[in-house]
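Please look over the model shown below with these notes to hand.

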Amino acid sequence: MLSGSTTNKVMAPGILESSSTPVIDNNRTKATVNKYGFPQDADCEEYARSLDESDPLRGFRDKFIIPSKAGLERKSLAVTPADSSASSSIPSDRDGIYLCGNSLGLQPKCTSRYIQAQLETWSSIAVAGHFTELEESPLKPWQSMADFAAEQSCRLVGALPGEVAIANTLTVNLHLLMASFYRPTGKRNKILLEWKAFPSDHYAIESQIAWHGFDPKEAMILVEPDKDHIISTEKILATIDENADDIALVLLPGVQYYSGQYLDIPRITEYAHSKGLIIGWDLAHAAGNIPMKLHDWDVDFAAWCTYKYMNAGPGAIAGLFVHEKHGKVEYPNGPDDDPVFRHRLTGWYSGDKASRFNMDNKFRPIPGAGGFQISNPSAIDLTSLCASLSVFNETSMEELRAKSLKLTAYLQWLLQKDMPSNDEGDRPFRIITPLDPSKRGAQLSLLLSPGLLEQVGEALQREGIIVDQRKPGVIRAAPVPLYNTYYDVWVFARTFKKAVGL
């Protein structure tokens, strides 16, 4: 991780800065990673497999369909014997190496059973599936599925019952939440976001600002990184300080998609509130990845997708969080009076179930996050999510995080082993993710020297290794603790370093 600035800054672990020439403190970096006790001979297949043998979560790999190397190259849906064979919790040479869960999680094996149950419900009892609970089915009736999925999701993000709703898709939820929480005035009209927000977030914020009649070029405050691709918490707090009188909303990522940096959600949230500001979080790369306590941290609102670390399938239904203080519904003059609640865009599914089917057009919102729903969600989408949540119910985010920290630490150790120091020549890549495992999610972003991306991508593909590529030169490798192994990490590091000439 490099920095070219000459000013004094608070640096991430493993980085020193005292002049215009960046210095990597390898002793501090190794100390951070070596708390896991990787010996000097850890760069071998036997050691990687020994870590897998002793992994208490190794059995979860059996709950997912791991693509084979042959399957990753297929151009037809015709099933071959190699494709239909079940994976073992101990990976084989026939398995592909899938390190792309930060873009799309793998399919749980139980998903097909859940989907088949949904289809059989539809075909056998049709509209009665909305309210009829069938024996021997893993599913709730359709009218209850969204609430059930929301209840199951609460513990993944640290929410109280009623603070989570499952609806829509991520960017749609961000728009709906901003419609309620972004209330600009003539002076206080700006939104603070990071310098390299995911394009969909950037576009959504631009359009919300323009919808209210302001100029996005003037009303978007982009927090720039203060060391390579990393934004220190101090930089964010200082930017809030500098613009507190003009900010109408702070909207930041829990885990920054490009660098993999895990932002200090509780500290930044508390500071924004100390300035009287509303703050929301995009948790697309944090949900199912990192333990969170959104209620205890007093987060105002948040939204996330479920197709990355939550493994609900491509384009799956999304989640949203609204703190209980913003979800209150009150009837000051009795139950027959008009309700008082925080303004939001509403629809039929925002309405209280007790009166929803009265069809009287008298809106009475659901208390909590459920009141921010709009319309009837897809039962197929909810079915796929419920299948994945059933896997999460067998472990905890704390257990998954413990393995994730060690997986990324092992990957970092392998990548940095035998790397030349700066004074021995240019490095073909550098890690732009924080070197402290606790300050990142299940991802290392590797910035390649110019011109290397294509050849590295081809080398990985030849070996059946799937990672995410971001032009012009970043490889994002995400070892997911539910289904990735230390052997996966070892194969990737060996292949990657060979591809860059190390």
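The numbered points below take up the basis of the model, its cores, its cysteines and the annotated sites.

1. This is a predicted model, in which local features need pLDDT of at least 70 and side-chain atom pairs count only at pLDDT 80 or more, while totals for chains, interfaces and linings use all residues. Residues are numbered from 1 along each chain as its sequence is written, and side-chain values use heavy atoms, with hydrogens and water left out.

2. The largest nonpolar core has 73 residues, of which Val164, Ile268, Trp281, Leu283, Leu294, Trp304 and Leu482 touch the most other members. Because domain 1 (45-95 + 397-500) and domain 2 (145-387) both give residues to this core, it lies between them. A second, separate core of 40 residues includes Leu411, Leu415, Met419 and Ala493. A nonpolar core here is a set of buried Ala, Val, Leu, Ile, Met, Phe, Trp, Tyr and Cys residues joined through side-chain atoms within 4.5 Å, and the domain bounds come from an automatic or database domain assignment.

3. Val164 touches residues that include Cys154, Trp304, Leu320 and Phe321, with residues up to four places away in sequence not counted; contact means heavy atoms within 4.5 Å.

4. With a disulfide taken as a pair of cysteine sulfur atoms within 2.5 Å, the count comes to zero. Cys100 is buried, with a relative accessible area of 8%, and Cys154 is buried at 7%, where buried means under 20% relative accessible area, exposed over 50% and partly exposed in between (1.4 Å probe, protein chains only).

5. UniProt, in an unreviewed entry, places the feature "modified residue: N6-(pyridoxal phosphate)lysine" at Lys308; its positions are given in the numbering used here, feature names are shortened, and annotations may be inferred rather than shown by experiment. Lys308 lies in the loop between strand S9 (301-304) and strand S10 (319-322), and counts as buried at 9% relative accessibility. Beyond four places in sequence, the residues that Lys308 touches include Gly101, Asn102, Ala284 and His285. Helices (H or I, at least four residues) and strands (E, at least two) are DSSP runs, numbered from the N terminus.

6. The "binding site" annotation in the unreviewed UniProt entry covers, among others, Leu170, Thr171, Asp282 and His285. Leaving aside neighbours within four places in sequence, Leu170 is in contact with residues including Asp282 and Trp304, and Thr171 is in contact with Ser200 and Ala204.
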